[in-house]
Amino acid sequence: MNTRTKAETYRYLYRTMKLIRSVEERLARAHMEGLVHGACHTYVGEEAIATGVCAYLQDDDAVFSTHRGHGHAIAKGVSPHALMAELYGRETGCSNGRGGSMHLFAPEIGLMGTSGIVGPCILQAVGAGYAAKLMHTERVGVTFFGDGAVGNGAFHEGLNLAAIYDLPVLFICENNLYATEVSFSYASRNPSVASRADNYGMPGVEVDGNDVLAVYKAAGEAIRRARNGEGPTLIECKTYRMRAHAEGMGESGYRSQEEIALWKDRDPIKTLRDRILEDDLIATDDLKTIEAEIKTIVEEAAQFAADSPWPDGQTAISHVYQEE
Amino acid sequence: MREITFTEATLEALSDAMAEDPSIFVVGEGIGERGGNFKTTLGLYDKYGPMRLCDTPICERGFIGMCTGAAMAGARPIVDFMFMDFILDGMGELINQTAKMQYMSNGRLRMPMILRGCIGIGNSAATHHSGSYYPIFAHIPGFHVALPSNPADAKGLFTTALKSDDPVFFMEHKLLLNHKGPVPEGEYAVPFGQAAVVREGTDATIVALSVMVYHTLEAAETFAGEGISLEVIDPRTVAPLDVDTILQSVHKTGRLLIVDETFMPCGIGAEIAAQVTARGFDDLDAPIARLNGAHVPTPYSPALEHAIVPNKDTIIQAIRDLLAE
Amino acid sequence: MPYEILMPRLGWNMEEGTLIEWLKQDGDPVQSGDLVCTIEGDKATMEIESFETGTLLIPHASPALGTTIAVGTLLGYIVPEEERDTFDPDASPNADNPSSDSQTEDAPDQTVAIIGAEESSSLQKDERESPISPRARRVAKELDVDWRSIQGSGRSGRIVEADIRKAAEQQAPSDLAGHKAIPLQGLRQVIAERMTEATRTTAPVTLTTEVDATVLATVRAQWPEDQSVRPAYHDLLIKIVGTALDEHPALNTSWHDDHIIAHDHINIGLAVDTDRGLIVPVISNVPEKSIQEISSESSHLIQAAQSDSLSLTQLQDGTFTITNLGMYDIDVFTPILNLPQCAILGVGRTIPKVTVIDEGTATTGIRKMMVLSLTFDHRLVDGAPAARFLQRIKQLIETPAAIN
């Protein structure tokens, strides 16, 4: 239930986005230093979406996400410490070192897993919605996926199932215009993701994914509907990723400098900051305090991760099956 | 003891479990009002309604993924595929998600999911309705695979599957579904990983899977008439696989044949042979033999279908060859 | 804290890179987000952006443009404004080392032998003519059959178990034919070992004497009725032997390695035949016990021996042993020493015999005669003392009033 005042809401949204941004930048740096192994897909530029949607979610609402899931993890409540330690491969990570960037788990607070495969998270969120309806709870299932998932069978089957069973599910498409280097305009003849909701008989909404207040509003309505038994919603958030698809990959020229600069101007954190100052809801000094706090937290988190122990190799074979 | 069919036996276990646990629900094509193509859910829709007997569109990947998510969120789904062949559309969900979820979450998420369907060659069902594929699932860490050969084991293994928090493949051979056999009343469980010695003997050990158990027992009768005593073992589950019972038997007999309808390369027989060779080498009086279905997709014509699957006569010949080694 | 610009790792397994050019110069101000240098990695060339705001300082030891350097090498610093005056890039410890202490910490090598190692085959690589199955090889070893010249009945001449078993039956030598091998274990094994040791290590001599036991028999027959149990012959003998040992302590000794132990007490063991073998329970302190006490104790001990319920203490500390084969019609025998005891008395059967009562008057009569066979260890005692001891026993048997 959202019982925050406007100022509290703005503070919360700003803080969450700033935290995600800072963690992601710190992780990008750590990846270059060799502390993060394997792949690292950062969420820089898309913070408004995770923040705006997860602002409404409780611990027992289930979030399913993809390879670009750090933002969802932070927004859902995973600490920067646990996130960074996980990417550093340490025992103290949110997946105990088992998952890394693409397999983040914190089911105790509803982060049911990010995934290295495109598509399954959509179906699993439908399943969480089914379980909620079966067991008569008010929980919702939320899935975050990119434009690249829209051409995948899981999108079609998942939306269809959620619609025919009237399930409490939010389908959040983070359309950042590219799936790795494949543009959405190439991968689809229908440039509107939101319009696809009509095929399944559910509401589809398009929002500016870099305007956290717009996302917040649309998500709020969709969650209200879901909890009320009115079924699923598809929300297309138009956004842009400011860094490469994965750390260490170059731009390779598939995105022009002009395009990147254009979106940089629409930075979601800057947008909210300007709005806050305009509405005079929070003082500049307060914002600075938040920013300084976040900086400290992130540095502590990085140190925590670097100092954390490696998992014991002997534990690598446990939990394949349910253990007594 | 009363005799009921294989399907009636599992239906009994399912119905009782659903009465006790409201989080159990069944998902599949035709399993709702119709009661299932093979009557696997007969009568349950009227008792429990559409949320718990959920008819689906034809989207195996979709509803496998959905059930995986539902299990993660605390429900206990049963996916009824009708024909196991249809499960292949969902391999990505099964292997990358369902099988791995407990491991990736370090045990914090459970995966109490049953994947059931009929398997096997027979009745000219042809190549898209005759698959078994259980060696593939037995190969993947995270799965259990049960393969009952008779109604009593079917009920007992299904009960174990219903109580398990791991994903379980429950493979029901199409030629066994209407097969009748004695089935105890009330609840009982047959544990996974416990083979059954269905016939005791001294001259050779024959391990048989699913419907092959019957053909093998018939072959053993023939040999008994010649004074040759065969021990027949039904593993009942191939993951976990009870090799200890097989080893004890080979220690006694010295000779081993594995009869399995599925393909020979990389199959269950290959696994058993490798383990017995490694752990029971000094008990072997002859090389381990395997008799499998032909390594071909399943043809339609009865003449062709008959040629590619083991039967009593080919089993007898394989045993003769083994004894002559 | 100044931020270090290090040679970044751009690809997953990139280990070296090249600094192509600086996009900002030493001393230039840098804003967060500005591009500072161009790096060529193994797959691509990338411009590196700074996350920090401050001044770019490039130490003298920073790598030259165009050189290939290891990932993690220090290139420069972004120094925040407040530290600009105090920070010296060349004085920093890292300035002298081309590659700074890399934070890249490798995961410890913890390769776990997760896959259960399968038991390796114990098959020896023998040269062989015919192939042999592993099972047949094992059975051949068990039955001690040399399989090398056996004709195999298996496919391609393989020797199989049945061939080995057949060969084992035929191979059995004739003196073993019909015999059953009984494994040596338990009491039998102990006795076997003891007897062998006795014969091997001692110097046994057996003396025999014929004794007139007529009076002893009478004493026994006339034992007062009001006593609980009539003593058996062996009880009387135990008492007699105990008395004799008391007078002849040289026979109440034991051999221990290189010295002789003279015992304080006289503990006499009575050999009892059980279905498990020979067992010798011990009656301790014989001279201090009455015949009734000895009798009571011995009957308990015999019963316990028969029912295998003797305690260890009841079998220990014997100093002399009596063994009786008279009930089996044995007259004379050569009992083996019960190590480490000095001597053992064998008792033969008591049988009525015609003997000379008085040589002068040529009177003969029938007397109950029995032979005693005393084996002693000549290492501990000589013939004459042993003979005197035996003679004393004879005397006591023939004049039992002397005992008790």
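**Close-up views of a predicted model**

**View 1. The interior of chain A.** Of the 324 residues of chain A, 59% count as buried. This model is predicted. A residue counts as buried when its relative accessible area is under 20%.

**View 2. The fold of chain A.** Chain A contains 12 helices and 8 strands. Take the contacts between residues at least 6 apart in sequence: 75% of them join residues at least 24 apart.

**View 3. The overall dimensions of chain A.** The C-alpha trace spans about 60 × 50 × 45 Å along its principal axes. Why does a radius of gyration of 19 Å agree with a compact globule? A compact globule with 324 residues would have a value near 20 Å, so the 19 Å of chain A fits.

**View 4. The surface and charges of chain A.** The accessible surface comes to about 12,000 Å². Carbon and sulfur atoms account for 51% of that surface. Chain A carries 31 positive and 45 negative charges.

View 5. The size of an interface is often given as the accessible area lost when the parts come together. Here, chain A and chain B bury about 3,500 Å² between them. Of this area, 61% is on carbon and sulfur atoms. Which three residues supply more of the area that chain A buries against chain B than any other three? They are Tyr130(A), Tyr321(A) and Gln322(A), with 19%. The contact takes 41 residues from chain A and 44 residues from chain B.

How values were computed: Residues numbered from 1 in each chain as written. Chains lettered and ligands numbered in written order. Predicted model: local features only at pLDDT ≥ 70, side-chain atom pairs only at ≥ 80, totals over all residues. Heavy atoms only, no water. Helix = DSSP H or I, 4+ residues; strand = E, 2+ residues; numbered from the N terminus. Rg over C-alpha atoms; globule rule 2.2 N^0.38 Å. Buried < 20%, exposed > 50% of the residue type's maximum accessible area, 1.4 Å probe, protein only. Contact = heavy atoms within 4.5 Å. Areas by Shrake-Rupley, 256 points an atom, 1.4 Å probe, with all protein chains shown as cover. Lys, Arg positive; Asp, Glu negative; His and termini not counted. Charge placed at Lys NZ, Arg CZ, Asp CG, Glu CD. Buried area = accessible area lost by both parts, 1.4 Å probe.
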